[in-house]
Amino acid sequence: MGLFCNGFSLFVMVCSMAVVASGNFHQDFDLTWGDRRAKIFNGGQLLSLSLDKVSGSGFQSKKEYLFGRIDMQLKLVAGNSAGTVTAYYLSSQGPTHDEIDFEFLGNLSGDPYILHTNVFTQGKGNREQQFYLWFDPTRNFHTYSIIWNPQHIIFLVDSVPIRVFKNAESIGVPFPKSQPMRIYSSLWNADDWATRGGLVKTDWTKAPFTAYYRNFKANACTWSYGTSSCGSKPSTAFSDGAWKTNELDAPSRRRLRWVQKYFMIYNYCTDLRRFPQGPPPECK
């Protein structure tokens, strides 16, 4: 058990309730597929996933979470990464699953990665927003974070908010709040769609493609055998006072507007060809 009070001021929980895990990959994750293409080394402090023409690779968290802040540092596939996708996301299981997605769509050398985000509720997604990044994500490690509480989901890059998905249950939009989720990541070939709609294919002469992970942190409610570390009803871990401080502060709102003005390249809410009858209700 530990305090859930450090770092970003967006997410306030009854502090003694939250479990704080800080990164040993041997303890926190299972390598789930790809044979030896997924590796943990440096005493559990570093993890890599690789993709070749035979297979990609992936891992998942040992624990399930229901609300919290998840941080992971990634260094993406360098060079010609066209056709590859590095996925890092939270997901439950089953046909009515919930899911919170970061996906990094590779590109030709010199062209920027596309950061693809999505939110699934009760098995329904189609809430894509895409961004260019304001740095080269292959040169150094950068921190990609998800803050998930009963009020909203916030996507952050190096503690800069890039997207907020608010709870809109009051207007009939389902929100992920009852299904515990594991953390998953995979590196795989998606050259039928990932780069320029599938026009650019994976150059297998550049394989293996490798992405690296470090500094995993979870300040979160864990879920085990039907009970949460934050109590039998995880939403009660949020006091009434916490709701008032759960919004982005003014500097964070300015950074969010900056990202969405200069780096957002697709927003489902403004895609009138896709939604000719008007945008989905949560967009309004």
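Which residues is Tyr132 in contact with, leaving aside its neighbours within four places in sequence?

1. Contacts of Tyr132. With neighbours within four places in sequence left aside, Tyr132 is in contact with Pro112, Tyr113, Ile114, Phe263 and Ile265; contact means heavy atoms within 4.5 Å. Tyr132 lies in the loop between β10 and β11. Its relative accessible area is 33%, so Tyr132 is partly exposed (buried means under 20% relative accessible area, exposed over 50%, and partly exposed in between, with a 1.4 Å probe and protein chains only). Tyr132 and Gln260 are 128 residues apart in sequence, and their C-alpha atoms are 10.0 Å apart in space.

2. Basis of the model. This is a predicted model, in which local features need pLDDT of at least 70 and side-chain atom pairs count only at pLDDT 80 or more, while totals for chains, interfaces and linings use all residues. Residues are numbered from 1 along each chain as its sequence is written, and side-chain values use heavy atoms, with hydrogens and water left out.

3. Overall composition. The chain has 3 helices and 17 strands; these are DSSP runs numbered from the N terminus, helices being H or I of at least four residues and strands E of at least two. Of its 284 residues, 55% count as buried. Among contacts in the chain with a separation of 6 or more, 67% are between residues 24 or more positions apart.

4. Largest pocket. The largest pocket holds about 410 Å³ of space. A pocket is defined on a 1 Å grid over the protein atoms alone, as an open set of points where a 1.4 Å probe fits, with protein on both sides within 12 Å along at least five of seven lines; lining residues have an atom within 4 Å of a point. Grid points are joined across faces, edges and corners, and the volume is the space filled by probe spheres set on the points. The lining of the largest pocket has 21 residues, of which Val164, Phe165, Lys166, Leu256 and Glu282 are the closest to its centre. At least two lining residues come from each of β13 (160-166), α3 (250-262) and β17 (264-267), and β13 gives the most, with 4 residues. By class, the lining has 11 nonpolar, 4 polar and 6 charged residues (Ala, Val, Leu, Ile, Met, Phe, Trp, Tyr, Cys and Pro count as nonpolar, Asp, Glu, Lys and Arg as charged, and the others, Gly among them, as polar).

5. Second largest pocket. About 170 Å³ of space lies in the second largest pocket. Its lining has 14 residues, and Asp111, Pro112, Tyr113, Asp136 and Pro137 are the closest to its centre. This lining divides into 6 nonpolar, 6 polar and 2 charged residues. Tyr113 is also one of the residues in contact with Ser81, as are Gly106 and Asn107, leaving aside neighbours within four places in sequence. Ser81 is found in the loop between β6 (64-75) and β7 (84-91), and Ser81 is buried, with a relative accessible area of 1%.

6. Aromatic pairs. Rings of Phe, Tyr and Trp (its six-membered ring) pair if their centres lie within 6.5 Å; planes under 30 degrees apart count as stacked, over 60 as edge-to-face and the rest as tilted. The count comes to 19 aromatic pairs. The ring centres of Phe102 and Tyr144 are 6.0 Å apart and the planes stand at 70°, so this pair is edge-to-face. Phe102 lies in strand β8 (residues 99-105) and Tyr144 in strand β11 (residues 142-148), so the pair ties together parts that are 42 residues apart in sequence. Both Phe102 and Tyr144 are buried. Tyr268 and Phe275 also form an edge-to-face pair, with 6.5 Å centre to centre and 70° between the planes; both are buried.

7. Thr121. Thr121 sits in the loop between β9 (114-120) and β10 (129-131) and is buried, with a relative accessible area of 2%. The side chains of Thr121 and Arg127 are joined by a polar contact of 3.2 Å (a pair of N or O atoms within 3.5 Å; within protein, one must be able to donate a hydrogen and the other to accept it, and residues adjacent in sequence count only if both atoms are side-chain atoms). Not counting residues up to four places away in sequence, Thr121 touches His97, Asp98, Arg127, Pro174, Phe175 and Pro176.
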